[in-house]
Amino acid sequence: MAVDYSQLPVEEAVRVARASSRRRQVLDAAVNVMGRSGFHQMSMQDLATEAKVSVGLIYKYFGGKEDLLLATIVRILDVFRDQLAPVIDAAGDDVVDQLAAGIRRYIQIVDENLDGVVLTYRESRTLGPAGRTQIKELEIASAAPLRAAVEAGIAQGVFRDVDIDLTVFDIMLLAHGWALKHWHFGPIYTLDAYIGLQTRHVLNALVADDHRADCAHLME
């Protein structure tokens, strides 16, 4: 989660900010290196060269390759967790607008982390049991704002009485598809077009018949 530097003494804030920047630098490089050669083939020297730091500095912040992989995945999931709820809250009181805003931001975050999302799918099985459990729990937590919007829509009669768990994971998979199948969708659709089409797909399945006219602008 984001650090509130204003609450720290100046020297401590500078130190924490520098460490955070270094960690991001290493994690960005790790995504690039693992994307090219895979987790198992990545050496710490390869990573140090990509990040333009020393191997010793990498070990200052990370215990090893698995720690790096876990931190890379957690960083992306933290963005989903931290950014979805404010976007949905800012969409107003209408649950359709809330869900549409959540879908839009979810896919935008995927677009901002294309290589990281693909890496998560490809390499997360490499993690040990504790790491895999943490990832699963974070993924569920990251989707909680979407789940809340769907639940509220059902309670209000705006959405059909669907399987909430299945619906939420369907939305997540549609979003991840922008990264996993970007080789196909990228040349065909702009990001906004993909978001619009997938939002329409979800809402056409969810919105009850007597509420469809109210959100026709999102479903046509």
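Glutamate 123 lies in helix H6, where helices are DSSP runs of H or I of at least four residues, numbered from the N terminus. The model is predicted, so local features need pLDDT of at least 70 and side-chain atom pairs count only at pLDDT 80 or more, while totals for chains, interfaces and linings use all residues. Residues are numbered from 1 along each chain as its sequence is written, and side-chain values use heavy atoms, with hydrogens and water left out.

Glutamate 123 counts as buried because its relative accessibility is 6%; buried means under 20% relative accessible area, with a 1.4 Å probe and protein chains only. Beyond its neighbours within four places in sequence, glutamate 123 touches Gly38, Phe39 and Leu69, a contact being heavy atoms within 4.5 Å.

The protein as a whole has 12 helices and zero strands. Its C-alpha trace spans about 65 × 45 × 35 Å along the principal axes. Of the 220 residues, 40% are buried. Among contacts between residues at least 6 apart in sequence, 67% join residues at least 24 apart.

Two spaces in the protein are set out below. Both are found on a 1 Å grid over the protein atoms alone: in a cavity a 1.4 Å probe fits but cannot get out, whereas a pocket is an open set with protein on both sides within 12 Å along at least five of seven lines, and lining residues have an atom within 4 Å of a point. A volume is the space filled by probe spheres set on the grid points, which are joined across faces, edges and corners.

| Space | Volume | Residues given by H4 |
|---|---|---|
| Second largest pocket | about 240 Å³ | five |
| Largest cavity | about 90 Å³ | four |

The second largest pocket is lined by 13 residues, and Asp28, Arg75, Ile76, Glu112 and Asn113 lie nearest its centre. Helix H1 (10–37), helix H4 (65–90) and helix H6 (114–123) each supply at least two residues of this lining, and H4 gives the most.

There is one cavity of 30 Å³ or more. Ile73, Ile76, Leu77, Phe80, Tyr106, Val117, Thr120, Tyr121, Glu139 and His176 line the largest cavity. H4 and H6 are the elements that give two or more residues to this lining, with H4 again giving the most.

Conventions. Buried means under 20% relative accessible area, exposed over 50%, partly exposed in between (1.4 Å probe, protein chains only).
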